[in-house]
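Please open the model in your viewer and keep the selection tool at hand. The stops below follow one another as a tour, each with something to select and a note on what is there.

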Amino acid sequence: MSQAGGVPEVKSAVRTVALLELLAARGDRPARLRELSEELGVPRSSMYALLQTLVEHGWVRTDATGSLYGIGIRALLTGTSYLDSDKRVRTVRPYLDEASDALGETIHLARLDGSDVVYLATRESHEYLRTISRVGRRVPAHAGALGKALLADRPDAELPLSDEPLTACTENTHTTRATLLTDLAGVRERGYAIDREETVLGIAGFGFALRYDTPATDAISCSVPVSRLTEEHQRRIVAVMREVQGKIESLLPPTSRDPGWE
């Protein structure tokens with residue numbers, strides 16, 4: 001049995017977490033028992049019993065026929081609790097408002113989680129429809145400004161990336177380690193990351209790492225339609241976001257990933 005920190009893992013707990021993460025990743029695509037059983041390598045009888053337990057407790061929901069399964073409302077309550085209890089998220093939120101008011105664009109806060117970034121907070125622009133900014137959404141770190149800003153804060157040899165080909169979100173996403181490393185070198189030189197329609201076609205992004213951790217785990221970004229991205233507007237975005245970045249970092253001194261619980 002594999003171990004975590006020297007303590008044997010509890011098989012049933014690992015299986016439950018894997019199931020919830022799989023259902024969460026599917027979003028609005030419910031799954032059938034067979035799909036879940038095959039994906040996780042769990043016998044159907046065991047998977048069915050686990051699903052019924054989680055349905056009863058609200059972590060999984062099912063349709064009227066009992067044949068389709070999706071993530072349940074308890075997951076939302078837990079996720080909301082995570083955001084509410086995080087001192088950093090509470091501190092950063094007003095500055096997302098400040099940047100949004102100044103620029104009229106969509107502003108994000110995200111956190112690195114393995115090889116992905118997870119959106120923690122968003123202030124939407126009123127000028128265009130939401131694209132990929134939903135809180136809780138995961139995006140490959142190599143595919144956007146937020147993730148690249150955080151990857152660039154790490155040595156190339158320590159990047160949290162697998163040896164597999166990089167996943168493409170659009171035709172502009174980096175799919176090789178070589179081109180990504182070249183981009184990250186540019187991020188380190190200029191001090192911020194640029195997403196040129198790499199996550200969503202038609203949208204550019206500018207990402208700034210928040211260095212209250214070493215290396216940084218959180219970043220902020222500004223997303224803007226490429227149709228409105230003039231050179232003057234880009235300079236304005238960078239200036240405002242750098243100012244906001246500095247304000248946030250001055251309020252949250254460097255720590256050792258202390259969540260700030262009191």
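Two strands are counted as paired here if DSSP finds at least two bridges between them, and the strands themselves are DSSP runs of E of at least two residues, numbered from the N terminus. Keep in mind throughout that this is a predicted model.

With that in hand, begin at the hairpin of β6 and β7, where 2 residues lie between the strands and G114 takes a positive phi near 65°. Colour the two strands and follow their pairing, which is antiparallel and extends over 7 bridges; one place to check it is H108, whose bridge partner in β7 is T122.

Show what surrounds L112: beyond its neighbours within four places in sequence, the residues in contact with it are V117, A141, L150, R154, P160 and T217. If you then pick E231 as well, a C-alpha to C-alpha distance of 29 Å separates it from L112, the two being 119 residues apart in sequence.

Next, display the largest nonpolar core, a set of 28 residues in which V92, L109, F206, I220, M241 and I248 have the most contacts. The elements that give two or more residues to this core are α5 (87–103), β6 (106–113), β7 (116–123), β10 (203–210), β11 (218–225) and α8 (231–251). A second, separate core has 23 residues, among them A141, L146, L151 and L161. Returning to M241 and setting aside its neighbours within four places in sequence, you will find it in contact with A99, L103, I107, F208, I220, S221 and C222.

Which residues does α2 bring against α3? Select helix α2 (residues 33–40) together with helix α3 (residues 44–56), and you will see L33, R34, L36, S37, E38 and L40 of α2 meeting R44, M47, Y48 and L51 of α3. The helix axes come within 9 Å and cross at roughly 115°; since angles of 65 to 115 degrees count as roughly perpendicular, α2 and α3 are therefore described as roughly perpendicular to each other. The crossing of α2 past α3 is right-handed.

Move on to an open sheet of 3 strands, ordered β3-β5-β4 and paired in the antiparallel sense. Here β3 (31–32) and β4 (60–62) stand at the edges with a single partner strand each, so one side of each is left without a neighbour in the sheet. To inspect the pairing of β4, select strand β5 (residues 68–71), to which 3 bridges join it in an antiparallel arrangement, and look for V60 opposite I71.

Finish with two loops whose backbone deserves a check. In the loop between β10 and β11 you will find P215, which is joined to T214 by a cis peptide bond with omega of about -5°. In the loop between β9 (193–196) and β10 lies E197, a residue that has a positive phi of about 55° although it is not a glycine; E197 is partly exposed, with a relative accessible area of 25%.

How values were computed. Residues are numbered from 1 along each chain as its sequence is written. This is a predicted model: local features need pLDDT of at least 70, side-chain atom pairs count only at pLDDT 80 or more; totals for chains, interfaces and linings use all residues. Side-chain values use heavy atoms; hydrogens and water are left out. Helices (H or I, at least four residues) and strands (E, at least two) are DSSP runs, numbered from the N terminus. A nonpolar core is a set of buried Ala, Val, Leu, Ile, Met, Phe, Trp, Tyr and Cys residues joined through side-chain atoms within 4.5 Å. Buried means under 20% relative accessible area, exposed over 50%, partly exposed in between (1.4 Å probe, protein chains only). Contact means heavy atoms within 4.5 Å. Axes are lines fitted to C-alpha atoms, for helices over the stretch in contact, and angles run from 0 to 180 degrees between N-to-C directions. Angles under 35 degrees count as roughly parallel, over 145 as roughly antiparallel, 65 to 115 as roughly perpendicular and the rest as oblique. A crossing is left-handed if the near helix is turned anticlockwise from the far one by less than a right angle, and right-handed if clockwise.
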